[in-house]
Amino acid sequence: MAVLPEQVIYMDNNATTRIAPEVLDAMMPYLTRFYGNPSSMYTFGGQVGRAINQAREEVAGLLGAAPGEIVFTSCGTESDSTAILSAIQTNPEKNHLVTTKVEHPAVKNLCDNLEIFTGRKYHVTRLPVASDGTLDLQRFKDSLTDETAIVSVMWANNETGVLFPVEEMARIARERGILFHTDAVQAVGKIPIDLKQTAIDFLSLSGHKLHAPKGVGVLYVRKGTPYIPFLNGGHQEHGRRGGTENVASIVGLGRACALAAEKMAEENTRVRALRDKLEHGLLTAIPKSLRNGHPSQRLPNTANISFEYVEGEAILLHMNQANICASSGSACTSGSLEPSHVLRAMGVPFTAAHGSIRFSLSIYNTEQEVDFVLATLPGIIAKLRALSPFWEDK
Amino acid sequence: MWEYTDTVQDHFINPRNVGEIERADGVGNVGSLACGDALRLTIKVDANQVITDAKFKTFGCASAIASSSVLTEMIKGMKLEEAKKLTNDDIAKALGGLPKEKMHCSVMGREALEAAIANYTGAILPMAQGEVVCECFGVTDLEIIRAIRENSLTSVEDITNFTKAGGGCGKCEGKLRALLAETAAGAAGHTPSAPKKKRMTTLEKIKKIEEVIEREIKPNLKKDGGDIQLIDVDGDFVTVSLRGACANCSSARTTLKEYVEKKLREQVLETLIVEEDK
């Protein structure tokens, strides 16, 4: 049964976002009339190249970077792989990486594989987090060694929205002469970022998390950072990333970054207020519910709430009946038999980890939608708890 | 998103036979919160050995709920002998199939049915822990020892009241007495007395630690799908390895310190420090 987009209450913006109408408008000419290759010598192609450069400036503007530091890629994952693999290749004598236990699979699995598939040539320190999802800076300092090639720490956690002090961590790494990469896929567009004020060497972002289309990302590479490309090929992106440019999506991403800069204040006021209303409302209305993650040190749009003694997939499917879209850290939603590695790293008890729901809002959400969710969810939880053999014992 | 059949979705949205039968003839409890799904099945059986009613309570995902719901429909009106032959595949088929990652939900349904039937007939489930002492009610030595400890039981009559053991043919009365005496002796042994602690030899200490792990700690962890093994004892440092569900459990450290260490300190030596073998 198909569901029309207009019927949907979409609160899963950390998974992906709708393309902003302005973004689509900016893209359309490059999907239709202006199909030239930006590398071509004639004006018909060259004008496309100019559009890419404008997009580069718009992305740089949102990040507080120079346009020359922006490399367009196909996605956040490619950016992550490019940064980390470049760092270990430019530091062939070093064999150690520092990351956290709560990274996105794009970084987590790359690090795991680097250990396994190189016959343990590389070893990885995975920093633990506290029960509120925050990092211990002293522990980070202690983890750095002369062998450390790169630190890769996410700016904002995709599941809980918890922010890590990456600016301070990058400074600490710089003092030790260690490269610093941050997966900022969830942070870009939601919180102010000014890279020229930081010591961050690499930053990854993904277009579809900020109302641009899927299939385009960016790797920020600080000027002067040693760099070896991941995709080798033509001279595109100044030889830093081969492959003909995904022109329309790059133009869309540029427009999306300009829009995000305009909407940054709204994201941090109106969206934050909606998130807080949703979170407070749910925690108040539903007994045995709890927030996962630090209350203030997190993104303005994310609420991760556990409903004890019920299971997340069952909650989501009931929400789906009401056309509410969100996601869960439960085992059953992923096909694994274990709940989210993020919640487990935080020590969230099993009673709560299996019943966690992540709501992630955007500027397109309304107060009416929040009210609808607040009116709907208590009934769903109550219905499932009536089925639960553990609930009656409470 | 999982591809659930219409039947699965129907049973999930409109589950049948939810609840618990009062004074059920058979109760089957399987799974645990840690595993992410658990099912309590209650059945009513008449004089002709036919299941006349079945109800369930399930913590779990859509397919766990649907498997439980369809199971209750399937077994209602079924002869016990037929119900015993029911497989998890039968449950999955009744739902029009399950995603293969979700087949364990149908297995859980079958196990709950087995447990409920076993509970009714008094048969012993192979997964039951420990050595059965009371054959009439299928009560193991582990269950009895725990009941004695936790409730400070002092007589065979107490044990029967708490565990049903000894309440049938009464053949096991001698064994129950022996368990009472052993447990009481163990309890006396852990009454704090400084001179005794000092005199304990390393060998005695290891033996005692081993005993407590085997008798009390391991069975309790196994209930949640976990396991534990003693690796080494070096002075006051006890190294153990957590296995099964415990190995990847986020609360493993809490389990180690709050439960394992506490138990060993109570029953062996107050100065013990338990660490995990990594």
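The model is predicted.

**Stop 1: H2 and H7 of chain A**

Select residues 43-63 of chain A, helix H2, together with residues 247-285, helix H7. The two helices pack at an angle of about 30 degrees, and their axes are 8 Å apart. Their crossing is left-handed. To see the contact itself, display the side chains on both helices. H2(A) contributes Val48(A), Ala51(A), Ile52(A), Gln54(A), Ala55(A), Glu58(A), Val59(A), Gly61(A) and Leu62(A). Among the residues of H7(A) that they meet are Ile250(A), Leu253(A), Gly254(A), Arg255(A) and Cys257(A). By class, this contact has 14 nonpolar, three polar and two charged residues.

**Stop 2: H6 of chain A**

Select residues 166-175 of chain A, which form helix H6, and highlight Val166(A), Met169(A), Ala170(A) and Ala173(A), which are buried. Looking down the axis of H6(A), one finds these buried residues within an arc of 100 degrees, so they line one face of the helix. Gly177(A) follows H6(A) and has a positive phi, near 70 degrees.

**Stop 3: chain B as a whole**

Eleven helices and eight strands are present in chain B. Of its 278 residues, 38% are buried. Among contacts in chain B with a separation of 6 or more, 54% join residues 24 or more positions apart.

**Stop 4: H2 and H5 of chain B**

Select residues 62-75 (helix H2) and residues 103-121 (helix H5) of chain B. Their axes come within 8 Å and cross at roughly 45 degrees; H2(B) and H5(B) are therefore oblique to each other. The crossing is right-handed. On H2(B), show Ser63(B), Ala64(B), Ser67(B), Ser68(B), Leu71(B) and Ile75(B), which meet Cys105(B), Ser106(B), Met108(B), Gly109(B) and Leu113(B) of H5(B). The residues of this contact comprise six nonpolar, five polar and no charged ones.

**Stop 5: where the chains meet**

How many residues of chain B are in contact with chain A? There are 21, and they contact 26 residues of chain A. On the chain B side, select helix H1 (6-13), strand E2 (37-45), strand E3 (51-59) and H2, the elements that each give two or more residues. That side has eleven nonpolar, six polar and four charged residues.

Note on methods: Residues numbered from 1 in each chain as written. Chains lettered and ligands numbered in written order. Predicted model: local features only at pLDDT ≥ 70, side-chain atom pairs only at ≥ 80, totals over all residues. Axes fitted to C-alpha atoms, helices over the stretch in contact; angles between N-to-C directions. Helix = DSSP H or I, 4+ residues; strand = E, 2+ residues; numbered from the N terminus. Parallel < 35°, antiparallel > 145°, perpendicular 65-115°, else oblique. Left-handed = near helix turned anticlockwise from the far one by under 90°. Contact = placed C-beta atoms within 7 Å. Nonpolar A, V, L, I, M, F, W, Y, C, P; charged D, E, K, R; others polar. Buried ≥ 20, exposed ≤ 12 C-beta atoms within 10 Å, placed from the backbone. Arc of directions from axis to C-beta.
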